[in-house]
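Please look through the sequence and the model below before reading on.

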Amino acid sequence: MGEQNVKLNNDEATSQAFMRSLLAEVHALENLLDSGLIESGVRRFGAEQEMFLIDKAHKPACKALEFLDVIDDDRFTHELGLFNLEANLSPHRLGGNCLRLMEEEAQEIYRKARETAQRFECDIALVGILPTLTKANLGLDSMVPTPRYHALNDAICALRGKEFEFTINGIDQASVKHDNVMLEACNTSFQIHFQVSPENFARNYNIAQVVTAPLLAAAVNSPILLGKRLWHETRIAVFEYSVDTRSNVQQERGLKPRVHFGDRWLDESVTEIFKEDIARFRTVLTTETEEDPLGMIEQGIMPSLNALRLHNGTVYRWNRPCYGVHNNVAHLRIENRVIPSGPTVLDEIANAAFFFGMMAGMIVEQYDVRKMLTFADVKSNFLAAARGGIRAQLNWFNDKHLPAKKLVLQQLLPLAREGLEQADIDRDDIDRYLGVLRDRVTQRRTGARWALESLENMGEKGTADQRFRCVVSSMVNQQSTGQPISTWELAEYCEEQDWRDSYQTVCLLYT
């Protein structure tokens, strides 16, 4: 959720001043691009690891602030919910043993998080949506009490003008009505960042859009929301609804939601996206801005572009462009937001390797993807992958229509291998990570299918709450072994569990 030093945009003068800053910063970014002042010729990547804190009953534990008080590690931070955590992994240049270094740090973060959580009789779960999460966990009392989160909640609720209300159809049907943005806290992800050269940004971004669907199909890990079996990656639907600022009239008029995949190819520059989002979406928050970003550039100081980055942080494209400055060097990144957390750290790094490999491979092959697929087909693929996972049918080059499993195994894994080899990634690491993904896809054992098959295997034993707790218990135990999801046994109903938490109820007394 980014910068915390923000204010609610609640008067016309503030709104106009912030809009002037936004437009000035877009002009400054164009100046940086035209002057060749944004770093080029370097490919770096990084990631953000999100996770759930859970208690002994395998349910959400609102202990994030206590956790952060004692962990003494600047890589960790909070997210929206008090039962969410995030850790930022170090960036690496693409090449050599970079993937192994990322895995080693991610494993260290996971171990450190578990050790710290256990001090509070808690544990860590890596999953896109926690199966034991209930609507009772989504009140404002479970929100991290920071100005940004409350300002964002107030702004989105004010723009929307009514409660959040939506229906998702899957194996079951979930009809949800809620009065705040805490629905977003249902979701945790493994967000990956890929730095690209500004002159190649448009081409790289279009490729990222194309490969996101098969990546998602192989990575799905969020099939259960509020006790209902829905999409294989239900995060996609939930996130779109959870920060939707549109009124009913705006929806009927076709106004786009703030969470979206996009509507067209990028033609020439990253600024196309920023301009489109400024024109389409109202500013909801403000922050302190630099008075003269163009003057800073003239002095050799790269501006932070605070207004642009803040507004960009309140528009949630699944592949989001990012501008940043490090050591007075400006750069551009593509942030891929679709990969769910888990099922294991090894699976996450395999997903990242698949993404980076496909990106690099398509660049090597000189693909102009705009000539090989319609954007409508790419967007359709994304939704199909979210709903069906590895069983999805996807549109592909040369007017083909293929099962995701066949496409990944026969075309995209070889392409990813070629891309990683061209990037000089260590051969053993290519074999390791693409092998993990190959085994998962071959067996169709994604995190989503493991959870759904586990529930099916339990039948009607116990209550639904008990079965979900068994799924989370087995998930956490098997995650801790470090073995990828393709090797996991299905969760079983555990007679020896302490079920007292499953029968606790709240009694409301009226006077």
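Predicted model: local features only at pLDDT ≥ 70, side-chain atom pairs only at ≥ 80, totals over all residues.

Does arginine 445 count as buried or exposed? At 15% relative accessibility, arginine 445 counts as buried.

**Salt bridges**

- The whole structure holds 31 salt bridges.
- Arginine 445 meets glutamate 453 in a salt bridge, with 3.4 Å from N to O; glutamate 453 counts as partly exposed, at 25% relative accessibility.
- Another salt bridge joins the side chains of arginine 75 and glutamate 105 at 3.2 Å, N to O.
- Arginine 75 is in the loop between α2 and β3 and glutamate 105 is in helix α3, so this pair ties together parts 30 residues apart in sequence.
- Arginine 75 is buried, with a relative accessible area of 18%, and glutamate 105 is buried at 10%.
- Aspartate 267 and arginine 370 form a salt bridge of 3.7 Å, N to O.
- That pair links distant parts of the chain, 103 residues apart: aspartate 267 lies in the loop between β12 and α8, and arginine 370 in the loop between α11 and α12.
- Aspartate 267 is partly exposed, at 47%, and arginine 370 is partly exposed, at 35%.
- Salt bridges with shared partners join a set of residues into one network, and among them are Asp267, Arg370, Arg264, Glu272 and Lys379.

**Aromatic pairs**

- A search of the whole structure gives 14 aromatic pairs.
- Tryptophan 265 and phenylalanine 375 make an edge-to-face pair, with 5.2 Å centre to centre and 90 degrees between the planes.
- Tryptophan 265 is in the loop between β12 and α8 and phenylalanine 375 in helix α12, so the pair ties together parts 110 residues apart in sequence.
- Tryptophan 265 is buried at 12% relative accessibility, and phenylalanine 375 is buried at 9%.
- The ring planes of tryptophan 450 and tryptophan 488 stand at 85 degrees with centres 5.1 Å apart, so that pair is edge-to-face.
- Tryptophan 450 is buried, with a relative accessible area of 1%, and tryptophan 488 is buried, with 5%.
- One aromatic cluster is formed by Phe239, Phe261, Trp265, Tyr316, Trp318, Phe375 and Phe382.

**The second largest pocket**

- The second largest pocket has a volume of about 370 Å³.
- It is lined by 20 residues, of which Trp231, Glu240, Pro257, Leu383 and Arg387 are the closest to its centre.
- The elements β7, α6, β12 and α12 each give two or more residues to this lining.
- The lining residues divide into 11 nonpolar, four polar and five charged.

How values were computed
Residues numbered from 1 in each chain as written. Heavy atoms only, no water. Phe/Tyr/Trp six-rings, centres within 6.5 Å; stacked < 30°, edge-to-face > 60°. Helix = DSSP H or I, 4+ residues; strand = E, 2+ residues; numbered from the N terminus. Buried < 20%, exposed > 50% of the residue type's maximum accessible area, 1.4 Å probe, protein only. 1 Å grid on protein atoms, 1.4 Å probe; cavity = no way out; pocket = protein on both sides within 12 Å on 5 of 7 lines; lining within 4 Å. Points joined across faces, edges and corners; volume = space filled by probe spheres on them. Nonpolar A, V, L, I, M, F, W, Y, C, P; charged D, E, K, R; others polar. Salt bridge = Lys/Arg side-chain N within 4 Å of Asp/Glu carboxyl O.
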